[in-house]
Amino acid sequence: MNTTTQMSDSALVSLYIQGNESAFEQLVNRHKNKVYTTILLIVKDSYTAEDLMQDAFIKAIHTMKGGRYNEEGKFSSWICRIAHNLAIDHFRKEKRSPVITLEDGSNVFNTMSFSEDSAESLQIKEDTHARLRELIQTLPQSQREVLMMRHYADMSFQEIADATGVSINTALGRMRYALINLRKKMLKSNIAYDKNLYSE
Amino acid sequence: MIKTSTQNELIQYVYDELAEDACTQLESAFMQDTELAEGCSELLRLQQLLDGASKVPSKRSVQNILNYSKSLSLQS
């Protein structure tokens, strides 16, 4: 049994700094999806998102192995903030929205996988989640930013307020409106509010 | 009509950022206020839906990261 599976992120970071590569593997597996999604929602291209996710973790590796990791704050917020910043930098450089395609030519938003579901329910989930990601992109920029920072980048509302130069109440208000607008858009798009969609 | 301050507290509550005493107060309020309880339930459903919309990176990218870290360890 892997002894690192139940450890806190902080304990895993300490072990990794001491040279334990299994601890790092655990950290990567724990946070890879949030880091990847954070980037993908910004750059909208799976190839670029894969590259930037690697860059984010490589940056984290150098910081931790170089003894510059700050113990304050959560690892998840920290790594997602690195990812968010890399994605924003990339987006500013590109200043365009690339076409989203995969190696097989399919749309990047059609590849989610779920277990123990019928083909039909899988398809419904795939369609719903794909549509949801599209709807996130249509939110006003300030609302989309807070939603992505809080939900996918795992930053606290105070951290978001500090990062965006607003009060915590403004950050909370933006999140509230993001969720309200998302719900309205979902209803308008006839996205079913089926509880079966929520379980992975 | 739910007050804005309470709506903000609801957001903090579903994201586990509300102080313990405020959580207790809010949970008591759920028992008295159906609209508030439904508002919370709605937020939790949206939160779960957003969780499901996250994407998984390729195994190759993850392996590249792990290999890079190991290669640095071997060098030092």
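**Ground rules.** I number residues from 1 along each chain as its sequence is written, and chains are lettered from A and ligands numbered from 1 in the order in which they are written. Since the model is predicted, local features need pLDDT of at least 70 and side-chain atom pairs count only at pLDDT 80 or more, while totals for chains, interfaces and linings use all residues; side-chain values use heavy atoms, with hydrogens and water left out.

**Where the chains meet.** I looked up the contacts, meaning heavy atoms within 4.5 Å, and found that 34 residues of chain B touch 49 residues of chain A. The size of an interface is often given as the accessible area lost when the parts come together. Here the buried area (accessible area, with a 1.4 Å probe, that two parts lose on being put together, summed over both) is about 3,900 Å², and carbon and sulfur atoms give 65% of that area.

**Polar pairs and salt bridges.** I noted 19 residue pairs in polar contact between chain B and chain A, both residues being at pLDDT 80 or more; a polar contact is a pair of N or O atoms within 3.5 Å, where within protein one must be able to donate a hydrogen and the other to accept it, and residues adjacent in sequence count only if both atoms are side-chain atoms. There are also two salt bridges between the chains, each a side-chain nitrogen of Lys or Arg within 4 Å of a carboxyl oxygen of Asp or Glu. One of them joins the side chains of Arg150(A) and Glu17(B), at 2.7 Å from N to O.

**Ser77(A).** I found Ser77(A) in helix 4 (residues 75–94) of chain A, helices being DSSP runs (H or I, at least four residues) numbered from the N terminus. Ser77(A) is buried at 0% relative accessibility, where buried means under 20% relative accessible area (1.4 Å probe, protein chains only). Its side chain reaches the backbone oxygen of Asp154(A) at 2.7 Å. Leaving aside neighbours within four places in sequence, Ser77(A) is in contact with Ala153(A), Asp154(A), Met155(A) and Glu159(A).

**Cysteines.** I searched the whole structure for disulfides, pairs of cysteine sulfur atoms within 2.5 Å, and the result over all chains was zero. Cys40(B) is in no disulfide, and the nearest cysteine sulfur, that of Cys23(B), lies 9.9 Å away. Cys40(B) is buried, with a relative accessible area of 6%, and Cys80(A) is buried too, at 1%.

Key. Buried < 20%, exposed > 50% of the residue type's maximum accessible area, 1.4 Å probe, protein only. Helix = DSSP H or I, 4+ residues; strand = E, 2+ residues; numbered from the N terminus.
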